Amino acid sequence: MRTPAQQVADLAVRVRDEGLDDRLRDDLAARTVDLLGNCLAARTEEPARIVSAVVAEWGGTGAATSFATGDLLPAPSAALVNGTLAHSLDFDDTHLPSVLHPSAAVLPAALAAAEAVGASGPAYLDAATLGVELTCRLGMAGYDEDASTSVFFEWGQHATAICGAVGAALAAGVLRGLDADGLTSAIGIAASMGSGIIEANRTGGTVKRVHCGWAAHAGVAAADLARHGLTGPPTVLEGGFGFLRAFCGDRARPEAVTERLGEHWETPGVFVKPYPCNHFTHAGVDAALALRDRGVAPDDVERLVLGVPRPVLRTIAEPREEKTHPRSGYHAAFSGPYTVAAALCGDREGLGVFHCDFTDAAAADPARLAVAARVEVVPDDEATAGFPRAFPAVLTAHLRDGRVLTERVTDNRGGPVRPLSPAEHGTKFAGNAARSLDAAAAEDLTAAVWDLRGGTNPSRVAELFRSHERNDS
């Protein structure tokens, strides 16, 4: 009997030899466009500066492009920078019900490895799809169906970073040409590297913004170590001292890693975020936008009651003072009260709320804070029943004229039930890219990414980015 890690490695070798179908490649190309836009939007953020300074001190032979600076860096360093960019604004896609962000950890590793080896576009798309799939399946192996919760999350662990490192290693290893034994070792090595705790969601700190970068860095490093002969245990996932036992104890479900492996793909169902804030806040934003469309203005509101799934209270509602008076724009993105206030008070840029709503100045705006202070976040039984296969919310507005208006949102935008339209995807990318590139350059990059399915490759995408960087400077 092949172990779960070995079965994943066998599938990866088969996919590399035979290729994936157009549906999966199209999906991954769309995710790459989304990721690139998120990276471009985050280039001026402080984490980009910090991580770029660190990798510059490290030095090394340039092989892959930093989307922060345009510099050629060693592949693990480029993965670190670009993964940090991808997750910095909390605009990255989300898999449910595992509640992790697979693309931001896996795609930067795959792009760096693909550029380093000169891989074709289809080879990159296939490898990245495999890495996202493994990341999602590991997240599901730590999902407790009976309790409807992620064991990782319940114990304060960031499944994105922990599972993402393993998925990134698989993607990088496939592109590096590892055989099945080598890929099994890459998985086994990366399982010792992934880590991340999510206390920063509650009380501050910017470390979470580096989690996906570190996972991507670890994945590339694990694949390289395996390529040079380091080995990992074949039972690393399900073993008595393995990955799932270590992180999830006896609540782990190792069978989720291999159930219908190669037949059913989790990847196409991963949600694309319409708003640059914690995904738990999105249904509340939608509800507030719906109230606004009904004519509700901030001054009309006496108080607001936001009902959410009980498990998300500690992320978007507690401590209350931190959520009604967020200490920065980044921390405002994890606040239920603030995001509702932003949806009611903002300029409706982008798809409803956008980057302008999560600057430090916006988070300190007295008008928004006044509305946020009138928002009470409470558990809602119906929302809890739908969680975490969706992040539902109900928003009840008690108005000064005595009316009570309610909006309930059961399905999030950007997922299989309410997918973003091509135009909405374009709006998101254009708004993100505009923070650092002109419209013509952004269009060139988008076209190149879509052509990964055909004639172009990741090296060409990176070259286009660097050329626009030189022209802009």
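Predicted model: local features only at pLDDT ≥ 70, side-chain atom pairs only at ≥ 80, totals over all residues.

Colleague: Are α14 and α18 roughly parallel or roughly antiparallel to each other?

Modeller: The axes of α14 (residues 282–293) and α18 (residues 336–345) come within 8 Å and cross at roughly 30°. Angles under 35 degrees count as roughly parallel. So the answer for α14 and α18 is roughly parallel.

Colleague: What is the handedness of the crossing where α14 passes α18?

Modeller: Using the clockwise rule for the near helix, α14 passes α18 in a crossing that is right-handed.

The contact involves G284, V285, A288, L289 and R292 of α14, with T339, V340, A343, L344 and C345 on the α18 side.

Colleague: How many residues of that contact are nonpolar?

Modeller: Gly counts as polar and Arg as charged. The contact of α14 with α18 has 1 charged residue and 2 polar ones, and the nonpolar count is 7.

Colleague: Now α5 and α11: how is α5 oriented relative to α11?

Modeller: Helix α5 (residues 102–117) packs on helix α11 (residues 211–227) with the axes 8 Å apart and an angle of about 40°. That angle makes α5, relative to α11, oblique.

Colleague: Which residues in α11 do A104, A105, P108 and A109 meet?

Modeller: Those four sit in α5. The partners in α11 are C212, A215, A216 and V220.

Terms used:
Residues numbered from 1 in each chain as written. Heavy atoms only, no water. Axes fitted to C-alpha atoms, helices over the stretch in contact; angles between N-to-C directions. Helix = DSSP H or I, 4+ residues; strand = E, 2+ residues; numbered from the N terminus. Parallel < 35°, antiparallel > 145°, perpendicular 65-115°, else oblique. Contact = heavy atoms within 4.5 Å.
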